[in-house]
Amino acid sequence: MAIEDQIFRLSRPRTLLVKNAAHVRAVVACLVQCVYVLERDRQKKRKGDKALALPWCETFGFKLKSTLEHNVGPSIFGPSIFGAIFEFKPPTSSCNHSAGGPRFVVAFRGTLFKKKSLVRDIKLDFQVILNEHHSSSFCQTAIQAVEDLVATAGDSREVWLTGHSLGSAIALQAGKNMAKKEVYLESLLFNPPYPSVPTEKIKSKSLKLTLHLAKSVLRAGVAVAKQSPLQRKQSESSFAAMSPWVPKLFVNEADYVCFEYIGYFGYGNWMRKHRLENIYKFASQYSLRSLLFMSKKESQAEPLHLIPSAYLTINSKPPKWFLSAHGIREWWKPNLELESEVYQCEY
């Protein structure tokens with residue numbers, strides 16, 4: 001992260017005059033950026049006037065309530081800030097642009113490629129890919145913080161979740177945990193990881209659909225072979241419990257980390273149109289990699305990236321360079337060409 005990306009006045013959103021969905025997206029993305037810069041402030045020992053993080057939240061009326069830290073790993077580097085809780089406290093003289101919005105926002109950063117946090121972040125990246133993240137201290141800390149905050153707030157509508165990349169994975173896990181308790185938190189997830197073979201890069205639409213169908217049939221067959229009827233019923237009940245929750249996913253067509261969500265949900269629509277919804281509902285609960293290559297205990301762990309419903313927003317003309325397309329700052333740029341659609345699977 002270049003120093004100019006950390007300085008608010010150099011990288012801030014330039015057009016936030018209209019309080020609309022684009023405004024909300026940009027402000028929430030800035031809160032995620034604040035978490036990145038909080039960790040860089042800690043690493044660089046920037047304090048007081050030299051710290052760069054707070055303008056990323058205070059400009060929009062949010063105050064830093066607390067940070068979420070990861071203490072497992074090389075002690076020489078100290079605790080790593082991977083998340084933060086922001087509370088909306090605008091000046092009394094200002095217009096409350098958060099009317100109907102959040103009182104609290106829990107934000108999580110993604111992987112930070114700096115030596116003092118890289119080892120921990122990369123380890124969690126691999127845990128997400130291998131579906132072993134559930135017991136990580138990152139996720140456990142996040143889940144507990146969100147549960148406590150919802151209990152404190154009283155009204156779950158006042159608590160929002162957000163994250164970028166790896167941070168989206170953490171937020172997604174916390175959101176899924178609450179959804180299973182029938183608490184559906186507003187969630188804005190930027191570039192959420194979808195670990196899969198990149199079939200979206202295939203040009204032929206018919207070939208992509210054929211591959212998706214083959215994978216669905218294969219997943220369904222392996223699930224029937226490897227799981228007992230009771231296990232399959234438990235999986236279906238757990239997955240169905242999340243269907244009323246509709247997190248907002250923001251993905252870029254040029255971003256290999258997240259663009260498979262486009263096919264995942266688009267293919268579901270195709271299956272419904274061709275009266276193959278039951279196959280899709282059953283197969284979409286499972287990750288073939290988890291079923292085939294993990295131990296019996298791990299194969300029952302719910303794949304993080306699979307969710308039944310979402311409000312999917314696609315940046316159809318992102319930068320062609322992957323690192324730019326994957327960056328959080330893409331989401332506060334003006335005049336983005338976005339396509340949005342709600343996908344909700346009812347059980």
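On one side of helix H6, Ala151 and Thr152 are exposed, where exposed means over 50% relative accessible area, buried under 20% and partly exposed in between (1.4 Å probe, protein chains only). The model is predicted: local features need pLDDT of at least 70, side-chain atom pairs count only at pLDDT 80 or more, and totals for chains, interfaces and linings use all residues. Residues are numbered from 1 along each chain as its sequence is written, and side-chain values use heavy atoms, with hydrogens and water left out.

**Helix H6**

The buried residues of H6 are Phe138, Cys139, Ala142, Ile143, Ala145, Val146, Leu149, Val150 and Ala153. Seen down the helix axis, they fall within an arc of 165 degrees, so they line one face of H6; the arc is that of the directions from the helix axis to the C-beta atoms. H6 covers residues 137-153 and reaches 24 Å from its first C-alpha to its last, close to the expected 24 Å. The expected span is 1.5 Å times one less than the number of residues. Gly154 follows H6 and has a positive phi, near 85 degrees.

**Val183**

Val183 lies in the loop between helix H7 and strand E5. With a relative accessibility of 17%, Val183 counts as buried. Leaving aside residues up to four places away in sequence, Val183 touches Val150, Ser156 and Met178, a contact being heavy atoms within 4.5 Å. Val150 is also one of the buried residues of H6. Arg157 is 26 residues from Val183 along the chain, and their C-alpha atoms are separated by 9.0 Å.

**Helices H8 and H10**

The axes of H8 and H10 come within 11 Å and cross at roughly 85 degrees. Axes are lines fitted to C-alpha atoms, for helices over the stretch in contact, and angles run from 0 to 180 degrees between N-to-C directions. The two helices are therefore roughly perpendicular to each other, a term for angles of 65 to 115 degrees.

| Helix | Residues | Residues in the H8-H10 contact |
|---|---|---|
| H8 | 205-226 | Leu209, His212, Leu213, Ser216 |
| H10 | 260-273 | Gly263, Tyr267, Trp270, Met271 |

The residues of this contact divide into 5 nonpolar, 3 polar and no charged. Ala, Val, Leu, Ile, Met, Phe, Trp, Tyr, Cys and Pro count as nonpolar, Asp, Glu, Lys and Arg as charged, and the others, Gly among them, as polar.

**The chain as a whole**

The chain has 14 helices and 8 strands. Helices (H or I, at least four residues) and strands (E, at least two) are DSSP runs, numbered from the N terminus. Of the 347 residues in the chain, 52% are buried.

How values were computed: Parallel < 35°, antiparallel > 145°, perpendicular 65-115°, else oblique.
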